[in-house]
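Here is a brief report on one protein model. Keep the sequence and the 3D view open as you read.

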Amino acid sequence: MKEELHCYRRVSSDVQVKEGNSLTVQLGLGKSVSEKLNMKHVDRSEGSKSSTTDYREVFEDIKQDIKKGIIKNLWIQDRSRLSREMIETMDFRVKYLEMYGVKLYEGENGRFVDFSDITDTEKMIYDITTRIHENQNKTNTERFQRGMKFKLRTLKEKGMFMGQTTLFGYTSVEDEFDGMKFRRWEIDTDEQFIVRQIFNMY
């Protein structure tokens, strides 16, 4: 009976689902590596989830399956799929991979990462690489925040909708100003009568 290779795949945003480092690409690589290692491919797809802001249900399931002894072999396209946070990556490596003797493979060639037999220098390189991914994530977050702040300053008078829950009596509509597309608040023509009735009754 073949050993199982659990292939964890994830993208950080909906844009990546369709472009670049897509889920489909990761699926194909996982199957290819499984065949190369003569293991049974088991797909563990997280979908579009950020490693820093979203709760990752599949990743948490993987942790529990490692504890139960279900997972003995794990593949990822690159270590940033696990997490872009250095502390979380190290915690997963020590508390799950090393503690339960799980073999980790990564990349399109399925390179085996042997934590029990690597030098201190290699461990340092592994951790530095994780730190680089973490820094890239922070840079992308800061860039996104700067963009949002710029939009707020420019479009605040236009009633820019920030994406929170729409208040009763309002809706959000697409608009464009000076080449920037955005959503803005607008009174809901159906619900406005109920809001007025509430105020009148009060």
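## Strands β1 and β3

In this predicted model, β1 (residues 4-11) and β3 (residues 73-76) run parallel and are joined by 2 bridges. C7 has W75 of β3 as its bridge partner. Strands of a sheet pair through backbone hydrogen bonds, either parallel or antiparallel.

## The whole sheet

The sheet is open and has 5 strands. Their order is β2-β1-β3-β4-β5, with mixed pairing. β2 (40-48) and β5 (111-113) stand at the edges. Each has a single partner strand, so one side of each lacks a neighbour in the sheet. From one strand to the next, the twist averages 30°.

## Helices across the sheet

Helix α2 (residues 23-36) lies across β1, β2 and β3. Its direction is at about 165° to β1. Helix α3 (residues 57-68) also lies across β1, β2 and β3. Here the angle is about 140°, taken to β2.

## Nonpolar cores

The largest nonpolar core has 16 residues. Those with the most contacts inside this core are Y8, I62, I66, L74, F92, L97 and L104. At least two residues come from each of α3, β3 and α4 (86-98). The largest share, 4 residues, is supplied by α3.

Take I62 in detail. Leaving aside neighbours within four places in sequence, I62 is in contact with Y8, R44, I71 and L74. Another core, of 7 residues, lies apart from the largest one. Among its members are C7, L29, V33 and Y105.

Terms used. Residues are numbered from 1 along each chain as its sequence is written. This is a predicted model: local features need pLDDT of at least 70, side-chain atom pairs count only at pLDDT 80 or more; totals for chains, interfaces and linings use all residues. Side-chain values use heavy atoms; hydrogens and water are left out. Two strands pair if DSSP finds at least two bridges between them. Axes are lines fitted to C-alpha atoms, for helices over the stretch in contact, and angles run from 0 to 180 degrees between N-to-C directions. Contact means heavy atoms within 4.5 Å. A nonpolar core is a set of buried Ala, Val, Leu, Ile, Met, Phe, Trp, Tyr and Cys residues joined through side-chain atoms within 4.5 Å. Buried means under 20% relative accessible area, exposed over 50%, partly exposed in between (1.4 Å probe, protein chains only).
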